[in-house]
Amino acid sequence: MPHLDLPAGGVIPIAQSLLPAGALGLLVVAVVAAVSRAWIGATVLVAGAVLSVLPVLNPLGASDCTGSTPLTVLSFNAKFAGADPRQLADLIRDAGADVVILVETDEHLIDQILEGQGLAVTLPYRTKEVSTNAYKGSVILSAHQLSAEVDIPGSVFEQVSAVATLPDGSAVRVAAVHPPPPVGQPEDWYKAVTAIDEWIQATSDPRIVVAGDFNSSFSHPVFRRLAEGLATAARAAGPIPWPTWPQEKPVPAFTAIDHVLARGAVPTSWDSAYIEGSDHRAVIANWALCDFARAVSG
């Protein structure tokens, strides 16, 4: 299942999202089989669980650079701009976020955070005005000056990137991404994730952070291709892909689809937090940016 690279009307991608829960279910049945002394069946079930879950785990590859410049990124899907602005602002302050990436937002929520909650001084820079449709809007808020803003193609939602110039004079390109979900539009989902991958490959910036609601996890081959050559901040929390969706549902969160990925950076910590009004958990990622880059191309 984790190696099937087919939209298949959305059936396969949706089933792949359930792989961690499915593997756990196999292990439970394996224990029952072992108690019943059905050793062959138990062995087959354990092997199936291990083989299905291995590709889903956070990659824990060694860092290929020395990082010293700190950068804290908070990424959050505000669910049609319905998230609680006070809780979100408090989380931004507590995290000490240098960059905040919001998807499914609108100007009203952005204004509530910056002006209503007093973060305009902390985050004085931002990308362009977002769409009037809250489900489409994506924005980057930053403590550092932004430049070289460009749109990222391929999605029905807005996706934007910009270069942040840091206090030490170096720079990093930051991107807010949001492909559509595979439910109901699997072909659009697959094309959008692939388009983000192609954009990353075509971007020459040595340091880049890509964050948002990817609507995909490491259980999807198309996402694993996108993440190849990038570090995931979640690896700082270990191999287990702690779920970020869905919140506020009868079932507990079961899949990790909200990510902060980077090139030219080393993850130092990862955490997530619940904010009322959204079915996604906010993700807080701390990075040490690699020392080899002192400039970023426009």
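Modeller: The secondary structure of the protein chain consists of seven helices and 12 strands, where helices (H or I, at least four residues) and strands (E, at least two) are DSSP runs, numbered from the N terminus. This is a predicted model, in which local features need pLDDT of at least 70, side-chain atom pairs count only at pLDDT 80 or more, and totals for chains, interfaces and linings use all residues. Residues are numbered from 1 along each chain as its sequence is written, and side-chain values use heavy atoms, with hydrogens and water left out.

Of the 298 residues in the protein chain, 53% are buried, that is, under 20% relative accessible area, as against exposed at over 50% and partly exposed in between (1.4 Å probe, protein chains only).

As to the rings, the structure contains five aromatic pairs. Rings of Phe, Tyr and Trp (its six-membered ring) pair if their centres lie within 6.5 Å; planes under 30 degrees apart count as stacked, over 60 as edge-to-face and the rest as tilted. Among them is the pair of Trp 189 and Tyr 190, which is edge-to-face because the ring centres are 6.2 Å apart and the planes stand at 65 degrees. Trp 189 and Tyr 190 are both buried. The pair of Phe 218 and Phe 223 has its centres 5.0 Å apart and its planes at 75 degrees, and is therefore edge-to-face. Phe 218 is buried, as is Phe 223. Phe 218 and Phe 223 also belong to a cluster with Phe 214, linked by ring pairs.
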